[in-house]
Amino acid sequence: MTHSDRHPHSGRDRHRKYEDEMFRSPNPKRLYRSRNERILAGVCGGIGERYGWDPLVVRLLTVAAFFFLAGPLVLLAYIVMWLIVPKAPKSYGHLAPEEEAFWRGVSDRPKTTYSGLKYTFMDLEDRLQNLEASVTSDEWRLRREFRNLEKN
């Protein structure tokens, strides 16, 4: 009897885990319901974790909005988010300081991110062209010949 015979779901679980890893967004700034900061469903805690706010402040703002603005709409929005927003994966945790710094610099707006990348690559291309022009110039060849003569 093999392992898969004893555990008929193990192959399917492995496949599901592989799919989760493959299609999961690498961006830790994705909105999840919190596993740690939760009172009812983790919605306010998840919003707080996502935006770097204190979950208590998010809860107080939600309660204030419920009582002073539009109670039924706030309640409906909370329930919809409870149903739509996924619970944070168990592997979802704290990042290394370098990763945290990287993701803080990533914009939530794709056009801004694309524009920043576009100009970064344009700058790199200009620098590479300048380097190429310098290396292939007659002056560089002459200096290389002088260095070679000095070594010999």
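Visitor: A crossing is right-handed if the near helix is turned clockwise from the far one by less than a right angle, and left-handed if anticlockwise. Which is it where α3 passes α4?

Guide: In this predicted model, local features need pLDDT of at least 70, side-chain atom pairs count only at 80 or more, and totals for chains, interfaces and linings use all residues. α3 passes α4 in a right-handed crossing; helices are DSSP runs (H or I, at least four residues; strands are E, at least two), numbered from the N terminus.

Visitor: At what angle do α3 and α4 pack?

Guide: The angle between α3 and α4 is about 125° (on a 0 to 180 degrees scale, between N-to-C directions of axes fitted to C-alpha atoms over the stretch in contact).

Visitor: How far apart are the axes of α3 and α4?

Guide: Their axes lie 8 Å apart.

Visitor: New topic: where does UniProt place the "transmembrane region"?

Guide: An unreviewed UniProt entry places it at residues 60-85, though annotations may be inferred. Residues are numbered from 1 along each chain as its sequence is written, and side-chain values use heavy atoms, without hydrogens and water.
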